[in-house]
Amino acid sequence: MQAKIIIKNGFICDGSGTAPQKKDLLIEKGLISAIGEPGAFQDNADCIIDAAGNLVTPGFIDAHSHGDVRKLRYPENRSKLFQGVTTEVDGNCGFSYSCVPGELEDMHWSGLAEYASVMKQRSVSTNTVVLCGHNSIREQVMGKQNVKAGKDEIAAMRRLMEQAFEAGAAGWTSGLTYFPGKFSDTAELLELSVLTKGTNKIHGTHMRSEGEKLLEALHEAIEVARAGSGRLEVSHLKTLFPGNFHKVDQLLQDIRDAQQSGMDVHADRYPYIYTSTRIGQALPSPYNMDPDFATKLRASVDFQEEIAKALEHSPRDLAPTILTAKKKTLAEIAQEKGVSVERACMMEFLESPEQNAAFLSCSPENLEKILSQPWVCAGSDGVSMQLDAGEQFGGHPRAVGTFPTFFRMVSKLCGVAEAVRRMTALPAQIFRIPQRGLLKPGYIADIVVFDSDKFESKAGFRGEDPMPIGMKYVLVGGNVAWDATQPNKVGRYGNFIPIN
Ligand SMILES: [Zn+2]
């Protein structure tokens, strides 16, 4: 039941970039029906939220999420909801299990249309926007092998993309450091991109390189998007490894040049200098091109030696790398085992190259430079987690702390109203999400109320409390989905949002 709700005495920061103003807000039938001076609305509502001393903003939109299937497993999606995220954009880095046949427990889907109805039956707490992932559709059509896509395969991938677009996908993504996307050449991507010409469908990309070939990779991404709708979202924009930190100014300039040429280019970023991915991403070339690497490693002691040696010559400093589930650095693991860091890393590959690891590979100065750009929005790159009371958190803190941390950093760099805009209206505009991202009459009442001085995440890699501090209320579609006075109670009011 969608109640009549008044949020009063708070400072309304509407997402447009306008400074917060003391106003009251009225919600009826799931929509924002009016915003008025303090005391403007009669107290005859079903629910009155006293927001005194707090900021009232649109619900946060996570521009870069990996909710997908995990969200069906953990429909309360606490890791996101507790930060104030009310809408997630899934299907990033080329991975969208929603756009190909899939199953989880007793749930099955053949593609995005069915996934959307499965999600509806499951009642997830947050709203979902989906992008169609190139890795997922390429694997569906031609497996994980290192082969060039022929005419028929490209046609089959285009059919899957078209089906996803018809079912409401906001665009498509690539993840060109992952299998099997890394086997695709620019020509393949161009042929897929053409499908979006004349539409608003965006291309999001985890680029082919974020380090050594960073600028070349950006140019490829721009070329691919230009062949289609001309709309590009660079995923988790960064400069990877100290040897590439100096490229940041050229990187930002090349993006601005593309914008000036008439393209619609944006980026997202999580506010951390540790990246997070599979430990297998530490594999140097050419071993990183072999999808059967893990099997070969297990089968041959000689090959294990070869890998340990190759790691010694890699430009990465592996010592601070954290195995997130173990909550230990490779340096610590190496010391415990009495081996070198590189050998310890090889032994982790042997255990599983799919294990999650966090790499200390970004620059804090460049992070600030990137976050200062008005076209960079917040994106966690995080998965959905349940976070039951007492459960030890073992992951990258970005999954539970991106939004408080982004808010604090961008507020400091650009002011509170701008920080809010980059977490709300900007991602809504980038992904063309209707009626969301602003506090405005007629807009859907996805709203958060939080103490802007206290809003913070203490989450780290060592099992610190993952619960953000300072969030008070999270409303989804005009319903109170979470309130800090009853922290274990979660209401599931999210929807699948088709984008046309
Ligand atoms: Zn990525």
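# A tour of the helix packing, loops and domains

Start with helices α7 and α8, whose crossing is right-handed. A crossing is right-handed if the near helix is turned clockwise from the far one by less than a right angle, and left-handed if anticlockwise. This is a predicted model, in which local features need pLDDT of at least 70, side-chain atom pairs count only at pLDDT 80 or more, and totals for chains, interfaces and linings use all residues. Residues are numbered from 1 along each chain as its sequence is written.

**Stop 1: α7 and α8**

Select residues 214–226 for α7 and residues 248–260 for α8. Helices (H or I, at least four residues) and strands (E, at least two) are DSSP runs, numbered from the N terminus. The two axes come within 10 Å and cross at roughly 15 degrees. Axes here are lines fitted to C-alpha atoms, for helices over the stretch in contact, and angles run from 0 to 180 degrees between N-to-C directions. The helices α7 and α8 are therefore roughly parallel to each other. Angles under 35 degrees count as roughly parallel, over 145 as roughly antiparallel, 65 to 115 as roughly perpendicular and the rest as oblique.

Now show the side chains at the contact: L214, L215, L218 and I222 in α7, against Q250, L251, D254 and A258 in α8. By class these are six nonpolar, one polar and one charged. Two residues are in contact if their C-beta atoms, placed from the backbone, lie within 7 Å. Ala, Val, Leu, Ile, Met, Phe, Trp, Tyr, Cys and Pro count as nonpolar, Asp, Glu, Lys and Arg as charged, and the others, Gly among them, as polar.

**Stop 2: α6 against α7**

The axes of α6 and α7 come within 8 Å and cross at roughly 30 degrees, which makes α6 roughly parallel to α7. On the α6 side, select T186, L189, L190 and S193; on the α7 side, E220, E223, V224 and A225. This contact of α6 with α7 has four nonpolar, two polar and two charged residues.

**Stop 3: α4 and α5**

Move to α4 (residues 134–142) and α5 (residues 151–166), which pack at an angle of about 130 degrees with their axes 9 Å apart. Helices α4 and α5 are therefore oblique to each other, and their crossing is right-handed. From α4, I137, R138, Q140, V141 and M142 make the contact; from α5, E153, A156, M157, L160 and M161 do. The contact of α4 with α5 divides into seven nonpolar, one polar and two charged residues.

Which residues of α4 are buried? Colour H134, N135, S136, I137 and R138 to see them. A residue is buried if 20 or more other C-beta atoms lie within 10 Å of its own, exposed if 12 or fewer, and partly exposed in between, with C-beta atoms placed from the backbone. The cover over the buried residues of α4 includes β11 (132–133), α5, β12 and α6. Just after α4, select G143, which takes a positive phi of about 75 degrees.

**Stop 4: backbone details in loops**

Most residues other than glycine have a negative phi, and most peptide bonds are trans. Select S123, in the loop between α3 (112–122) and β10 (127–130). Phi of S123 is near 50 degrees, and S123 counts as partly exposed because it has 13 C-beta neighbours inside 10 Å.

Next take H236, in the loop between β14 (231–234) and α8. H236 has a positive phi of about 30 degrees. Is H236 buried or exposed? With 24 C-beta neighbours inside 10 Å, H236 counts as buried.

For the cis peptide bonds, go to F179 and P180, where omega is near -10 degrees. Then select S285 and P286, joined by a cis peptide bond with omega about 5 degrees. P286 lies in the loop between β16 (274–278) and α9 (293–299).

**Stop 5**

Select T57, in strand β5 (residues 55–58). T57 is buried, with 31 other C-beta atoms within 10 Å. Leaving out residues up to four places away in sequence, T57 touches C13, G15, V420, T424 and V448.

Finally, colour the chain by domain: domain 1 (1–58 + 438–454 + 469–486), domain 2 (60–273 + 362–423) and domain 3 (277–359). These bounds come from an automatic or database domain assignment. The C-alpha centres of domain 1 and domain 3 lie 48 Å apart.
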